[in-house]
Amino acid sequence: MWDTVPWFTEGGAEHSSQVARLLAFAAFGGSEGVVGASDLQVRALSSPAAAVSVRSGACAVLNRAAGGGYQAYAARLPSGDQVAVAATGASKRSDLVVARIENPFAPGESWGHPADAKVGPYVFTRVISGVPSTTTSVRQVRPGDSAITLARIDIPANTSSITQSMIKDMRDMVSPRSRRRLYTSSPGSDQNWAGNSKGQWVQWPAAARWTVEVPPWATKARIMLTLAGVQVMRGGVWGASAWKLGSIQGQSVNLDTGKSDGSERLHLISADTITVPAAMRGTVQTLSGMISLDDDNPGVLQADIATTCILDVEWVEDPTEDET
């Protein structure tokens, strides 16, 4: 049988809470987690004590009560929260910090009724104590809870003050954003590089240089640069290639031709995943190819009309533990 009042019907029709939660479920794409990348971070107190703080934010929580399919709660923490964490004794312990919906009116739920049904509260920061040290989700220890995981705290023995190093961020985002861009270019004329002082990096070739916009929400970047068809001339080369975004240089990859008569071509590939600093988000940056050659080798590199520079950049939004 249908829930007889769909969202939204005029004439004073009464809409069920289940249909309202269906709307939230659809809005969140059937996912759950924090809404913003910095939402609901679990942090040690400025003066470590037997408690942790949870920063303000918002979240989506799937309804796991009986008959709660296709339903989600939307909850917000406008001004932060603080919860106590019990001290350990002779043994170390792991606790899970979660945001949990405790709705006693949902079918099959046994939560206590609030003093005032009109204002609740029905959402809480809870500490689930004594979980396995490998726990990453509340689903592993309390699969029936309408809750999301915020953090795990791994507490040494005989400890009563929680420090930041004990807190492992376990948040997921309800709808993380991503953006992928592919850039290509080819030199219009020969661009040679004959080497440099050992250990020195330079921007090369000129064709491998782009201006990129960093999305304001990006917390990580996955970047791969390919210099296809670089020519080796006058002998062998040894060195490394990489890329550089603003002031951040990615992982380098060695190149080594061994003995060479100078007639070969190389494909230089460098890739890395970096954390995007908060100060870089929402800015325009230069992203360029970098090269370093050992000047003890006779060969030089040339990028020419047979060379193609290929830049693949994916900006992603993951939960971040920014201080601000």
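Where is Leu40 found? Select it and you land in the loop between β1 and β2 (42-49); helices (H or I, at least four residues) and strands (E, at least two) are DSSP runs, numbered from the N terminus. Before going on, please note that this is a predicted model, in which local features need pLDDT of at least 70, side-chain atom pairs count only at pLDDT 80 or more, and totals for chains, interfaces and linings use all residues. Residues are numbered from 1 along each chain as its sequence is written, and side-chain values use heavy atoms, with hydrogens and water left out.

**Stop 1**

Most residues other than glycine have a negative phi. Leu40 counts as buried because its relative accessibility is 4% (buried means under 20% relative accessible area, exposed over 50%, partly exposed in between, with a 1.4 Å probe and protein chains only).

Now select Tyr70, in the loop between β4 and β5. Its phi is also positive, near 60°. Is Tyr70 buried or exposed? Tyr70 is exposed, with a relative accessible area of 62%.

**Stop 2: a sheet of three strands**

Next, show β1, β4 and β5 as a cartoon. They form an open sheet in the order β1-β4-β5, with antiparallel pairing; two strands count as paired if DSSP finds at least two bridges between them. The edge strands, each pairing on one side only, are β1 (33-34) and β5 (72-77).

Start with β1 and β4, which pair over two bridges. Select Gly33 and you will find Ala60 of β4 opposite. Then move across to the other pairing: β4 (residues 57-62) and β5 are joined over six bridges. Here Ala58 stands opposite Arg76 in β5, and Cys59 has Ala75 as its bridge partner.

**Stop 3: two cis peptide bonds**

Most peptide bonds are trans, so these two deserve a click. Go to the bond from Trp7 to Phe8, which is cis with omega near 5°. Phe8 sits in the segment before α1 (17-27). Then jump to Trp204 and Pro205, joined by a cis bond with omega near -10°. Pro205 belongs to the loop between β13 (202-203) and β14 (209-213).

**Stop 4: salt bridges**

How many salt bridges does the count come to? The count is 15, where a salt bridge is a side-chain nitrogen of Lys or Arg within 4 Å of a carboxyl oxygen of Asp or Glu.

Begin with Arg93 and Asp95, whose closest N and O atoms are 2.8 Å apart. Arg93 is buried at 18% relative accessible area, and Asp95 is buried at 1%.

Then select Glu102 and Arg126, which meet in a salt bridge at 2.8 Å, N to O. Glu102 lies in the loop between β7 (93-101) and β8 (123-131) and Arg126 in strand β8, so the pair ties together parts that are 24 residues apart in sequence. Glu102 is buried at 8% relative accessibility, while Arg126 is partly exposed at 29%.

Finish at Asp154 and Arg152, a salt bridge of 2.9 Å, N to O. Asp154 is partly exposed at 21%, and Arg152 is buried at 9%.
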